[in-house]
Amino acid sequence: MAQRLRRAKAIATSLLLACVALFVLARWLQPAYPGMSWLAAFAEAAIVGALADWYAVVVLFRHPLGLRMPHTAIIPANQARIADNLGRFIEQHLLSPRTIAQRLSTIDFSGLAGRWLADPARNAGLVDWATRQAPDIVAVLDHAGLRKQLGAAALARLEAIDVTPIAAGVLDAMTHEGRHHALLDQVLGALRRLLDDEAMLASVRERIREELPALFNMFNADAYLLNKLMRSAATLLTETEQNPEHPLRVRFDGFVADFVRDLRESDAYRDKAQALKHELLARPELAETAQDLWERGKAWLARDVEAGDASVVRARMAELLAGIGRQLQSDATLRAKVDRAVSAALQSALESNRHRVSRFVSEEVKSWDRAEMSNLIELNIGADLQYIRINGTLVGGSVGLLIHALTRLLSG
């Protein structure tokens, strides 16, 4: 810009000097060549026009020739008024509600965000930054006591939850299409394996021996009773496992159905479940376990972040961002909602702060050094203003020719 300004000034000044030289030459040759009066008239008027426009341009930025004449150095002298008018113009025109709404309506926020997030090459920087910040965020939560506040809030939330409908819903889902029988099968299998445990059988036999009279023990009645009991139990377990309609299964179905119904309808069950929940939440072991999990989680997060490309957090975050980007690109309804929400938020923020923006611009411009501000403006528009000098030179010369022609015409 400075080079362009210097070039424009050089052209305008050279044109002025050429007109001066032309005027001197024409006046010198005019006695010998009367037609040179036309050239002298052109040059004379061009000089006047050039000097007038030079003055008009210079007084915008400084005092001409250092002379502090009235109404010169207009821009530096009116810095405060220019600053206020600029801020007011921005507030009333650039940040008007209608202008903001029109401009925001043309921006495809969701499309831009979707394309950016879905491109791994573009979102890599955001992924890296967010991954590196994760341990620091967790540390801030810990040191600022926010972890305890979050834990207390979560505990209060759990205290307020009625667990009986949730438990009833879970059990109801488990019983759908008989899926709870898988649990019964597991129990039956465990009991059958228990019957094959020699140590358990020896313990039962010793218990039977203690309860039977000594006379029965002399005839090994304990072994007989134990074998009888084991065979009966094994038969019952096998029949129950193999027969989907076994009475034990039917009774199990009834027990589960009654239990689910009681959980939903019985105040006594609800009170017992709530009391059990409160007791569990009050156990110190729960707080110790939560603290241990928190510390283990922090340690794991720190190690994972240092893993570079092998980081699980980094990979999951990249997948999450890419998934959001793809959804923004494919879901027209979501895009419309996002665009409306972003536009409304930006419009509200800009409208409520446009007076602050105006005041900020005004105060900032007022704080500039006057000479620096004047030079900055001149650098940006000064080259174009020099063409006023050039045009003034040419137009002045043309007007001078016209006046000379009219004078000759009127004088005959």
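**Reading a helical chain**

Modeller: Serine 374 counts as buried, because its relative accessibility is 3% and the cut-off for buried is under 20%. Keep in mind that this is a predicted model.

Colleague: In which helix is serine 374 found?

Modeller: Serine 374 lies in helix H19, residues 370–410.

Colleague: Which residues does serine 374 touch, not counting those up to four places away in sequence?

Modeller: Contact means heavy atoms within 4.5 Å. By that rule, serine 374 touches Phe61 and Pro76.

Colleague: How much of the chain counts as buried?

Modeller: Of its 412 residues, 26% are buried. The accessible surface is about 27200 Å². Carbon and sulfur atoms account for 63% of that surface.

Colleague: What secondary structure does the chain have?

Modeller: The chain has 19 helices and zero strands.

Colleague: How do I read a pair of helices, say H4 and H18?

Modeller: Start with the angle between the axes. Over 145 degrees counts as roughly antiparallel. The axes of H4 (residues 79–94) and H18 (residues 332–367) come within 8 Å and cross at roughly 155 degrees. Therefore H4 is roughly antiparallel to H18. Their crossing is right-handed.

Colleague: Which residues meet there?

Modeller: From H4, they include Ala83, Leu86 and Ile90. From H18, they include Val357, Val361 and Val365. The residues of this contact divide into seven nonpolar, six polar and five charged.

Colleague: And contacts across the chain?

Modeller: Look at separation in sequence. Take contacts between residues at least 6 apart in sequence: 69% join residues at least 24 apart.

Note on methods:
Residues numbered from 1 in each chain as written. Predicted model: local features only at pLDDT ≥ 70, side-chain atom pairs only at ≥ 80, totals over all residues. Heavy atoms only, no water. Axes fitted to C-alpha atoms, helices over the stretch in contact; angles between N-to-C directions. Helix = DSSP H or I, 4+ residues; strand = E, 2+ residues; numbered from the N terminus. Parallel < 35°, antiparallel > 145°, perpendicular 65-115°, else oblique. Left-handed = near helix turned anticlockwise from the far one by under 90°. Nonpolar A, V, L, I, M, F, W, Y, C, P; charged D, E, K, R; others polar. Buried < 20%, exposed > 50% of the residue type's maximum accessible area, 1.4 Å probe, protein only. Areas by Shrake-Rupley, 256 points an atom, 1.4 Å probe, with all protein chains shown as cover.
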